[in-house]
Structures are given as structure tokens and as C-alpha cells.
Amino acid sequence: MGSNSSSGYTTDTRLRLQRAKGGLFEVLLVLASVLGLAALVVLFGFISFDALGPLGASPSWYIIYFATLVGPTGGYVLYVRQRPAVRKVNDQAFAAVVGGLVVSIFLYVVGDALSPYDVLFYFVMAALPPLLITLYAKYHPRRSWTGPAIIVSIVLGVGVGALIYDSVISIIEIAAAWIAFAGFTTVPALGITYVIFSIYKNKRAARRYVIGLAVGAILVVGVAMGLGIDPSFPLVLYSGAGVPSIVLVANVVGGQTDDGSLGLLGPVIVVSGIVAGGWLERWFGISGLETWVTPTLLLESWSSTTATEAGVYPQIVGSIVIISCMALLAFPIGVGAAIYLEEYAPDTGIVGRIGKLIEINIANLAGVPSVVYGLLGLSLFSNMLGLSQGIVIVAAATLGLLVLPIVIVSTQEAIRAVPDTMRMGSYGMGASRWQTLRNVVLPEALPGTLTGTILALGRAIGETAPLIIISLPTTRFSPPSGLFETGTALPLQIFAASASVISEYRYGVVAASSFVLLTLMLLMNGTAIVLRNRYEKR
Amino acid sequence: MTGSTAADLSVERDEFVQRKERLYRWIFAGCAVLTVLVTVGIVITLSLKALVFFGAVSPVDFFTNTTWDPLINGNYGVLPLISGTLIVTVSAAVIALPIGLAIAVYMSEYASPTVRAVLKPALEILAGIPTVIYGYFALVYLTPILQGPLPISITILPTPVSLAFPFFGSVTLSEYVFVIPSLRTFNALSASIVVAIMVIPMVSSISEDALNSVPDSLRQAGYGLGSTKFDVSTKVVIPAATSGIISSYVLAVSRAIGETMAVTMAAGQSPKMPYFPDILANLTNSIETMTAAMVKIAGAESLGETVAYESMFAIGLTLFGMTLLMNLLAELIRRRYREVYD
């Protein structure tokens, strides 16, 4: 070192050169990162600019919404940020309202597409037997058979349901549609409320709440009928978003301390801002956004001649039905495989080696191009099993195989993150391997597993190539009416219409459809990221 | 425990519980084995159909014929498709690999936690954007933007120049203008750019994991010897993480090979052999990749079990073989050349 130093410190230029080199390197790294961010901004910018048309709105439109929505919300956020108790309640309030809205729209749309009677029928067939078994097991001393019996009863229930479907469904269909909707939305919502309250408070409080909420449901139906509209959607909305909100409000207001009750205002401020803005906009006759994301786009079906009449409702519902069905198929298998690999598979011996092989295989499956999964689905489900082409269940199963590696890997990571001391504690108290899994490991790993599953949904909703290969039709004019019926998906319509030479489609309808798809994707990935951040912080 | 008999104190679980535990084990094992069956299923179904195809078209013809025209004339030469895939993959890799690595180095060595908190989710969202949207973006927005300044001509030699050499006589160089030609509506360039954007997050996240797993003691040792941050990053950290970086590169290339929608929508569906001396023409013209060819065949209406239909599986098998090899290679590199620090 000593011999070097004299030459190193005397030649000033060399030092400066060194510094310049380091500086240049850092600038290059920053440039690369900025480029990555810029790509994201440019892509979202172009598509949302064309989809929303912000230039069409007059300045007063922006002023109105700034005054009613952005200003109050911003001020409220600043207020909430400094108060942890208010923030906690605020988070819960937004979760109840936004989550409730998403759930109720989902339930209504899917129920409406697949027929509410069918959904109710299969819901009852799948949910009633395990419920009865659980109730019976409460009064029976030996409970070790409950778990397997529940699984068997669900399978049996659905199987028996499929057999007696034809003779029973005509009887169910006598009832009005809203009664069917109530069967699979209001009744479970009240049931869950009852269970939660009887666990955390007492049975009397639970009974009181449920009766109150049921009276509310009857009121909703009565008002809707009085106004002459179909009570189905209001009822679903009440059960999905209303019930959790009411329960939350009652809980916070009726609690001993009222630290955070101001947090309940968050959703109120946002909703009233939107309503007030819309009212003022109409009152003063101000021109709003020249947006293509219109009710027509979201609620009508496709038109290839008039851009202003083109909608993607069947495509959106098709995507949602396919994705939910896929989740039902892929989630149990993915989680099961991850449990085996993490908790059961030994590290050594032949079985251990097979386990390693399976893990390498899963890593490879994650890298297989999605078109190849399309070919697999085509030959496996359509050619070998003889299912007709382009039906929902084939699409769901194909996408299920595609996302299986994502679900498995993220579940594995979640299970691996559960500290071994917890397992040891459970074993030490005499629990078996399955009891440890069910009571200790899986509840701990649940947030990570959910994150992975939601990411998988986000991936699947944009998948296009496999759906083209299994020849899902691009344009249909009604949502899929059953799992064994043809359906379509949103990305397929974007693909088909993107090459259109008519600029109203090219820069209008397709941009708006892409905007909808991007929003759905962002909702899912955002939920996953938020969930993960919360979970990692703990 | 006083006075109890052994039977009362049995630590054995009862028969039913034991059987239940075993049942659950088998169910979970079944789920894990299912993933292997998926791979087996891919190989078998693709091979069976591909065999039927190779019964009608000889493999030699498939791999040497230079025309791909399955739907009209029935020419099944896969070379133009492989050429299209390679053009997109190579150009995307040229863009994405350096940028991805630079982002990874920046995130792991330079960025403050705040910057990371913005950059990481942004990259995750970039990775989650559906490929059909990338395709739409490339076709409708990117190509017109790139098209703007084109064609560009750069005059390199304005006038003919005569050079006199002592022994060869004189050579006359004619005037030379370097031209970047204008883009077609469908072109490989914008497809390559969006594929690059698509794989950047993959390169950066896997490389960043590799860089992060280099122990801090190595960096401290470098600083202790008087190195600058630049020296530590380029001469200590990056070499120590080489295996992870290379495996991220291989995975990214494999992803680019299998990419379907963006290249189908932006690069078009006209299969051709590469232009050789005029390399830029490969980027500005429409091409067809292997994946795009499959989409085109699948999209053709009323196609029964014809040779064209079977050819889709032959391409699929080729594609699967290529990506499988690359994925295995990435796994191998990561395992074999990983530096283990304890």
C-alpha cells in the first residue's frame, strides 16, 4: 500500500478520472431505472389518455371535482395520517365498502350470467352437508372424522346435485329471482355475522344484530318493489357491502372508546365528493371527460359497426367467470402440492430425490410458454376428454394448469416462512402432523398463499394466447350461461379489435377495453402487494 | 401416573386418526405428482400430434425448407419462423439484458430505501401487464412514434473517392449513404422493444436477488482496500453474483422466445428468411415468429384435423424443447456455479 500511495495521491488527474468513472456509472444506472419507470408511465399514459379523454373536459369540470373530491379527500388523508387509531378504522371502513362493492358486483354479475337459480342450487348442495356435519360434530364426542366427512360430503353434495338437477330446478325457478339471490348472498352474510358475533361477543347480541340486519334486507326489498325496480341488485348490494358497513359502524360507534370513529368518514367523503361533483356537473351543464369508458362499454355487448354502441360486458363477465372457476380448480391443488413439498417430502432417499425432481419440474413449468399450455388444453380437454371447444370449463382448466406453478411457489414460500419453533411447540403438545398443519402452519401461511393466488389471478386475466389456441370465440353477445357453455374473454376482444383501421375503435373502444383490463389487473396486483406489505411488516 | 395401567397411557393414536393422517399425506402427494403429470402430458400430447404431422411432412423438409405457408400451398419449412423468433429475441435481449442488470445493480447497491419502495412495485406492475396490451401499445402507439423521424439517411461519403494504392492500382469508392428505412405497419422493431420492456423486470428481479445475496463482508473488504463504490460494484459484487445474473438472462431469453401476443400483434404474420447484408431490413419489415404462426393457424376458421392443424403441435414441440433446454440450463448454472457463502 505504502509504495502505491505516493503515485496515487500525487497524480490528481487519476483520482479525478476515477471519480468521473464512478459518477458516469451511477448516472447510467439511474438512467436505466428511469427508463424502466418511463416505460410504465408512457404505456399507462397513452392508453388512459385515449380511454379517458381528459382534454375534452372544460377547466370548470376540473375545478368542481377538485373542490368536491380531491380537496376534501386530500385534507382528510393528511388528517388521518397522523392518527393511528383513526387510520386503523379508516382502513377497515375502506376495506368494508370497497371489498363489499367488489364482492357484491361479482356475485350479482356471476349469478345473473349463470342464472341465480343454478348458483343457489349448487351453493346449497355444496354448503348444506358440511354445515350439518359441523353442527352434528359439536354435540358428538369424537370429532376426528369430521374433516374427511366434510370433504366427502361436499363432493357427494355436488354430485347428487348434478343428478337431481333436472327434476328440482323447475321447482326452484317458481320463486322470484331476488329470492334466489337472497339465498346465496343475504343468508350467508347474516350467517357469517351471527357466527362472528357469537364468537367475539355473545349469542344474544348476535341474535339481535341478525334480526336487525334481516329487517333491513326486507326494507330494501320493499323499497325497491315500491319504486318498481327489480330488488335483486339492491339486495345483493345490501348483503355484500351494506351488512359489513353497518356491522363496522355499529361496532365502532358502540365500542367503549371512540378514538377512531372519525375514520368511518373516509368512504363517506369520497362517495359524497363523487355524487356532489356529478350533481354540480349536470346542474351547470359542464362538459366532462370525453371518455370511452362509458356505461355502454361496460354494460352492452359488442358492435362492429358503431363504435359508440360497442360494449364488452359479455367479455368482462366471461373473464370473471373463467378466472373464478380457474381459482377454484388451481387453488386446492396448488396448495396441496406446496404442503407436500414443504411439510411431508423427506430430504433424503428415493422419495426425497423425487421431491427435488418435482421442484425442478415446477420451476420449468413456470417457464413453459403460455401457447404450449393452450396446445395441452386443446388436446387434453377437447380431443381426449371430448369436451366441446371454446367452453368456459376448458378455458378455466387450461389457465389453471398455467398458473399452478405460481400458486405452488408462493405457497411454498409462505409455508417456509412459518418459524419452526411454532411447529415444534405444536408437536410438543401432542398434535399430529395434520393437526399442526391445520391449526398452526396454514393459518400463519394464509396471507402469503392468498397473495400468490391473487397474483396468479392477475396473470390469468390477461392471458390471451392459450385461449386463442383452445379456440374461445372472440365476440359473443351474451355472457356465458353455464360452465359448459361457450364464453369469451376480454383480452380476446382487444386482440381482435386492435388491428381495426377505424380510428374510433383503434384509439377509442380498444383503448377503453385495455383500460378496463389494466384496471382489473392493477386491482388484483395492488391487493396482492398491499397484503404482502402488511404481512411482511408483522 | 400413579397406578395407571399401560393401556390407559397408550401414546398411540387410534387407528382411525392414523389412517386419516396417511390419507391426507397421499392426497397432498397426489397434488404434487399432478405437476409432473402436467409436464408428461405436454410432452405426450405434443409428441403424438407432432408424430402424425411428421408422418405427412418429413422432418428434414420441416427443418430445412425455407418457406412457411401452411394454409394455402402447404409448405412447412420452420426456418423462417425460427428466424423471426430469433430476430425478436436477439433484439429484445440486446435492449433488455443491460438495462435489466443496470436496474438490478442500482437497486441493490445505490438506491435509497425510498427509491426502492417506488421502483420495485413499479417493476412488478410492469411485469404484470397483459401481453395483449403490450401488443396493442406497440402496434397503435409505439410504431407511429418510431415512424416519426424515419427514414433517416446519413451521408457517409458525399462524393466518390478514388484511392490510389501502390500495388493494386486505384480503387474508387462510390458515394455511400447509410439509410435507416421507414417502418412497416407491422414490424419487428416495435415488437422487440415491447418484448424487451416485458422481460426487463424478470432480469432485474432475479439479478437483484443474486446481488443481494452477496454477503456484505465482501463489499466491506473491498472498501477496506480503498476501492471506490464503482470498483466494488463492478469488480466484487457483480462477479460474485454472475451465476444468478446469467441464469436471469437465460430465463429472460426463454421468456422472449415463448412470447406470443405482443409479437403476433406488432410484428405481423408474414414469415420470411432473414435479409442478410441489409440487417436493418429485418427490423423494419413484418416477420412471423413461431408463436405467431401457431396463433394464426388456431385462428383460421373451420380447420379440422388437417396437416396444418398438426403442424401447430410440431412448432409447439420445437418451442417447448427450446424453452425447456434454456430453463434447465438456467437451473444448472444457478446450482453449479453458485458461490456459497456461509
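Biologist: In which helix of chain B is Val33(B) found?

Modeller: This is a predicted model, in which local features need pLDDT of at least 70 and side-chain atom pairs count only at pLDDT 80 or more, while totals for chains, interfaces and linings use all residues. Residues are numbered from 1 along each chain as its sequence is written. With helices taken as DSSP runs of H or I of at least four residues, numbered from the N terminus, Val33(B) lies in helix α1 of chain B.

Biologist: Is Val33(B) buried, partly exposed or exposed?

Modeller: Buried means under 20% relative accessible area and exposed over 50%, with partly exposed in between (1.4 Å probe, protein chains only). Because its relative accessibility is 40%, Val33(B) counts as partly exposed.

Biologist: How many disulfides are there over all chains?

Modeller: A disulfide is a pair of cysteine sulfur atoms within 2.5 Å. The sulfur of Cys31(B) has its closest cysteine sulfur in Cys325(A), 17 Å away, which is too far for a bond. By this rule, the count over all chains is zero.

Biologist: Is Cys325(A) buried or exposed?

Modeller: Cys325(A) is in no disulfide. Its relative accessibility is 10%, and therefore Cys325(A) counts as buried.

Biologist: What radius of gyration does chain B have?

Modeller: The radius is taken over C-alpha atoms, and the globule rule is 2.2 Å times the number of residues to the power 0.38. A compact globule of 342 residues would come near 20 Å, whereas chain B has 28 Å.

Terms used. Chains are lettered from A and ligands numbered from 1 in the order in which they are written. Side-chain values use heavy atoms; hydrogens and water are left out. Helices (H or I, at least four residues) and strands (E, at least two) are DSSP runs, numbered from the N terminus.
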